[in-house]
Amino acid sequence: MENLDFGKKLIEVRKQKGLTQADVAEKCNVTIRTIQRIESGSVKPRSSTIKIISKALEFDFFETSTQNSKLKSNTLLWYAKDLFNFKTNTMKKISILTACLLLFAFTFSNLFSSKAQSANPENEQKTENQSFDRLIFRDGFLIIMKNDKYGLYNSKSKVIIPCEYDKLEIEGNYAITFKDNKRGLIDKNLNTIIPCEYGKFQIEGHLIFTYKNNKQGLTNLDGKVIIPCEYDRFQVTENNFVFTSKNNKHGLMNLDGETIIPCEYHKFQVENNFVFVSKYNKNGLMNLDGETIIPCEYDSIKINGSIAIVTKNGKTENIQI
């Protein structure tokens, strides 16, 4: 295949696959300029370069007959043997070999430099054929910039998060977004887990503790809001319950966001499968399903096995529970 035909074929295959020149350059670990020069026909790519591009684009550019391939192979072998025959055209052949060695050294140096630059997570590159000012590759994220604003881009899925953020911070598998002094969270697939509307948040395991207007809430890593930001504080227990507090009153929820006991008790304590509650200095007893066992009308309550010993107005009685 002629080199000019290869450049035309590269354009055809690249467009069929919906790739930009930058995408092909990234896949093949070469510069965009190299791809541009090949497609324009201004350079003749080596067979090794053609093989790299063929493999990256999953397309066979060497669809020639076995006979032609054999002929080319024999011709190249003949020229190679003749090149090292110094009995004829000695000075010319030495000059050719010297030029080849220099070209090889230059190419190897550029290739090594290109690989080292691509491996640098802080590497910044100017884009071509894109409407962005700059690309920044960092920890698996492709950050895009336009007019000093930040966004994100996924070259495989062609998903773009617009350049509308004041700042982006990469932490592990997530990008923290900043906009108007608010924070949000995006994963590596560019799914928005939480919008950019929280004063701060904290990731603990599969949960995200969110804060907005001095109130706390809870979201999971799928972006589902478990508890809206309307509580003064809360605590997640080991058995997946959530103690909630609002206006100095306490309640109980689960991690499905369901309210088990509303936030209306002044004191709140869980022991075994019972919840000791207090309202207006009177004590009661509930279970972890939110059912009232003993109403809040006693001065004190103690549990002894299946008996609740209650005191009211100085009198004590036993209640079967």
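**About the model.** Because the model is predicted, local features need pLDDT of at least 70 and side-chain atom pairs count only at pLDDT 80 or more, while totals for chains, interfaces and linings use all residues. Residue numbers start from 1 along each chain as its sequence is written, and side-chain values use heavy atoms, with hydrogens and water left out.

**View 1. An open four-stranded sheet runs in the order E10-E11-E12-E13.** Its pairing is antiparallel; strands here are DSSP runs (E, at least two residues), numbered from the N terminus, and two of them pair if DSSP finds at least two bridges between them. E10 (200-204) and E13 (225-231) sit at the edges with a single partner strand each, so one side of each has no neighbour in the sheet. On average, neighbouring strands of this sheet are turned by 15° against each other, direction ignored; the axes are lines fitted to C-alpha atoms, and angles between N-to-C directions run from 0 to 180 degrees.

**View 2. Here's where E12 meets E13.** Three bridges join E12 (residues 215-220) to its antiparallel partner E13. Look for Gln 216, which stands opposite Tyr 231 in E13.

**View 3. Another open sheet of four strands has the order E14-E15-E16-E17.** Pairing is antiparallel here. The edges belong to E14 (233-236) and E17 (259-265), each pairing on one side only. Neighbours in this sheet are turned by 15° against each other on average, direction ignored.

**View 4. Zoom in on E14 and E15.**
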